[in-house]
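Please read them with the coordinates open.

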Amino acid sequence: MIRVTNLRVRYGRPKSGREVLHGIDLRIARGEFVGLLGPNGSGKTTLIKALAGLLPAASGRIEIAGTDIRCLSHRERALRLSCVMQRAEVPAGYSVRELVLMGRYAHTGALSGLFSDHGPEDHAAAEAALKDARALDLAERQAAELSGGEVQRVLLARALAQGRELLLLDEAVSALDMARRVEAYDLLATLNTGGSTVLSALHDLNLAALYCPRLVFLKAGAVALDGPTTEIFTETNLRDIYETDIRVAAHPVTGAPQAHLVPGAAAAALG
Amino acid sequence: MRPNIEAVLAQKPDLVLQLAGRKEASQPVEALRKLGVNVAVFHASTFAELFSVIRRVGILTGSQPQAEAMVRGLEARLARLDARFDARFNTRFATAATRPRVFFEVRSPNLLAAGQAGIVAEIIRRAGGENCVADPTKFAHVSEEEVLRLAPTAYLIQRGPMNPAPLPLDQRPRLRAIPAAATGRAWFVDEQKYSRPGPRNVDAAEELAGLLHPELKSPAPKTTTPTRKDGK
Amino acid sequence: MMTTGAGGDRADARADDRAGGRAQERDHRSAIRGAKAFWIACICAATLASGVAACGLGSFPSTPAETLRALLQAVGFGVGQPVDPALSVVVVDIRLARVVLAWLTGASLAVAGCVFQGVLRNPLADAFTLGVSGGAAFGASVAILSGLAGHAAFNGLGGGAGLLPLCALAGALLALGAVLALGRAGAGMGGMGGAMRRETLVLAGIVVSTFLSALISLLKSLDEESVASIVFWIMGSFQGRGFEHVRLAWSYMAVGLGLVLWRARELDLLALGEGQARLLGLDAGRSRLWLLIGASLLSGAAVAVSGVIGFVGLVVPHLLRLVVGAGHRTLLPASALLGGLLLLWSDVLARSILPGGAELPVGVVTALIGGPFFCLLLGRSGRMNGRGQS
């Protein structure tokens, strides 16, 4: 589904800008649910942006479903993958339903101007997406008046209205409270079971370990670890990556590995 | 145009004459006076004021007799005009309504007309006409619609710095409905002669009298005949 | 297990709600659409009525019956005796022409303002902020001074008057090009990979329009004789305009309006910001460019026939956002209608409020009407929002 080969990404000027990703290789098969982890500044957001076509590759290539991303138009790319970014702005004056219907833009024809309204299938997709993202009760509210958590649900709904084939998420649930987070990841897991490929960048190690069968750790712009959660989610690996003392224990219900911080570990590491 | 004080001082003038009227002009006057230059400010928006100005300039320049002679001559010419029109308009039976209603265009894309305060209004009256713009100031902003309402029977278009390239009346489709256009009584006139106070204003009155009342035998105009707007 | 049971009940209840809710929601949606259609129909009716009424107002005396007869006669339905030719000229060639031109100009300015605000995502954006008006004014000043358009351009449109809107348009597009180039250069330095940030664009717009207004001042002081015609032209007025000006501008306005309306939905996506818009499949750069060109066409054509008129492009879209929401597929046509209506009445006031047939610059009237009305609505919406949140 995703195939990244020797990807380098720079900010600023194409030749001289600061390189943030130094040759990433990554393959994600159809139907996988992958968590993208790593400390601050490791390049998670940059990788998601590059995959979503928001940042050009300085070198290397990205293929989505077998096609080089550079050969896809914006519309074609939007039909293949949908994306929820962190801290997305919500403009004033739009209802939640209008905002979710914007996710259907790539599906409407090129002549989608004044006189062509959204078709019934667009409305159906928006309705289903709102329902799945538990945002149906927000549908007629003004999007700008929503709380942060509500906005994330609406943005998730918009991504679902856009397409469910491949979902890229960047800290999509950080603004949600614990219960909503679990609800959102339950939904992602359900979508994954239904055939969606999901790549989610997040800070919450435990949420990732709980839901994602495979984890990719980035560190300083390169892939540090990549493998099944049960194999790589170990105390040594986590300590190496985060440079602090971390203990791993099994989740009391599912048995998934869960990381636990040790108070005072940073000072100890320094000392 | 704003007077450039430095340029004025460079001429080392004994006397500076300044025509009153524009506010921007009064500041340099004060500045010049402070610098010890003699400045005389004149106001000339009627013939009476104009003649008094000529006399005073005569006194100031030491040529009082010439000035007096000039004013006498000009007054006599005006009196001749008045005599002709007094007989025609100021009898018991005829009223001012029979005078041609004259519209004087000062500037044309942004239509500006002569009002009652300037010397133009008096030129028109001395020439046996009546300024149809009742505005009491010197210049009046007038819309095309207002021109149609005023229905002038004569239309004067001044040509000069204020109105560099006016179109002839018959090329202005919306003004074709006024009586002046229908009867062809529209003329270009010289801005210097009509709008700038000076002895030439008397020429203007005589010229205009001839244009407005060709049926009355007019004295031979001293200047070139103004062009008819249709070029005939 | 208690919790699961309760949750299940709740889910059932929710499902029931949803089944009813969907039908309700559909009703709601068509009700909203109905309300919008109602308002737009109201504005259309008001526009027509205003147009006819405005043809009856002015310093030339005319009864309503005479006005109607003159209008009917003009479209070939003469009733009774032919009207006085002077009245016919006043009603049709002066008042109706101004009504049509003011409406077209108002519609163009409001739509252009709406597009600039949407593209720049800046509530204070206007043809002004981007330097487009300044560019158009500069283009026209050059045309007037160089004699290309002739001093007489506004009396009957002889000679090269057709060049005036072209020069204004060229000026508008040049200013826009300069602003975009500056914006891109600034963004390159900012490290956004060549993407234009809205702050950079607005800044570039201010720089360019300040520069252009300095150039216009320079032109004015170089040629004192043409000052009057340039000042008159820049001031913004419909005085002395007729159907020849309508003929001159309408095609540019139609093209600009078509271009912008065709891309109405893209404006909604651009409102989300460049990143989100691209994620949703919009080629943001190209879309923005075309929208800006369309809006420049609209404002360039408007400036070419009416001079620089402020406030319409700023006030109208804001007012309407409070009424019909931000969705541009409704907002753009509504802006056109209300902008036209606003300028139509502003011009009626401008030409009839002063005694003795004198006229005010119409820009003064738009500011006088628009300013307080805008404050009133802003205050009211602020209070409503406050209540909604508490």
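1. Of the contacts in chain C with a separation of 6 or more, what percentage is accounted for by residues 24 or more positions apart? The share is 75%, where two residues are in contact if their C-beta atoms, placed from the backbone, lie within 7 Å. In chain B, 61% of the contacts between residues at least 6 apart in sequence join residues at least 24 apart.

2. On conventions, this is a predicted model, in which local features need pLDDT of at least 70 and side-chain atom pairs count only at pLDDT 80 or more, while totals for chains, interfaces and linings use all residues. Residues are numbered from 1 along each chain as its sequence is written, and chains are lettered from A and ligands numbered from 1 in the order in which they are written.

3. Confidence is given as pLDDT, the predictor's confidence in each residue, from 0 to 100. Chain A has a mean pLDDT of 88, with 94% of its residues at 70 or more; among the elements of chain A, the lowest mean belongs to helix 10 (residues 265-270), at 62, and the highest to strand 3 (residues 33-37), at 96. Chain B averages 83, and 86% of the residues score at least 70. In residues 220-225 of chain B the pLDDT is below 50, and this stretch has six contacts in the model beyond near neighbours in sequence; residues 228-232 of chain B are also below 50, with ten such contacts.

4. As to secondary structure, helices (H or I, at least four residues) and strands (E, at least two) are DSSP runs, numbered from the N terminus. Chain C has 14 helices and zero strands, whereas chain B has nine helices and eight strands. Buried residues (those with 20 or more other C-beta atoms within 10 Å of their own, as against 12 or fewer for exposed and a count in between for partly exposed, with C-beta atoms placed from the backbone) make up 51% of the 390 residues in chain C and 38% of the 232 residues in chain B.

5. Within chain C, helix 3 (residues 85-120) packs against helix 13 (residues 328-352) at an angle of about 140 degrees, with the axes 6 Å apart; axes are lines fitted to C-alpha atoms, for helices over the stretch in contact, and angles run from 0 to 180 degrees between N-to-C directions. That angle makes helix 3 of chain C oblique to helix 13 of chain C, given that angles under 35 degrees count as roughly parallel, over 145 as roughly antiparallel, 65 to 115 as roughly perpendicular and the rest as oblique. The contact draws on residues including C:W103, C:G106 and C:C114 of helix 3 and C:H328, C:G339 and C:D347 of helix 13. By class, this contact has 15 nonpolar, seven polar and two charged residues, where Ala, Val, Leu, Ile, Met, Phe, Trp, Tyr, Cys and Pro count as nonpolar, Asp, Glu, Lys and Arg as charged, and the others, Gly among them, as polar.

6. Helix 3 of chain C also packs against helix 12 (residues 312-324) of chain C, at an angle of about 70 degrees and with the axes 7 Å apart, and the two are therefore roughly perpendicular to each other. Among the residues making this contact are C:G106, C:G113 and C:Q117 of helix 3 and C:V312, C:L314 and C:P317 of helix 12. Its classes are eight nonpolar, four polar and no charged residues.

7. Some backbone angles deserve a check. C:F311 has a positive phi of about 80 degrees although it is not a glycine; it is found in the loop between helix 11 (284-306) and helix 12 of chain C, and counts as buried because 24 C-beta neighbours lie inside 10 Å. B:A151, likewise a residue other than glycine, has a positive phi near 45 degrees; this residue lies in the loop between helix 6 (144-150) and strand 7 (154-159) of chain B and is partly exposed, with 15 other C-beta atoms within 10 Å.

8. At the interface, 29 residues of chain C are in contact with 33 residues of chain A. Helix 1 (2-54), helix 8 (243-262), helix 9 (264-270) and helix 10 (274-279) of chain C each supply at least two residues of the side that touches chain A. The residues of that side divide into ten nonpolar, ten polar and nine charged.
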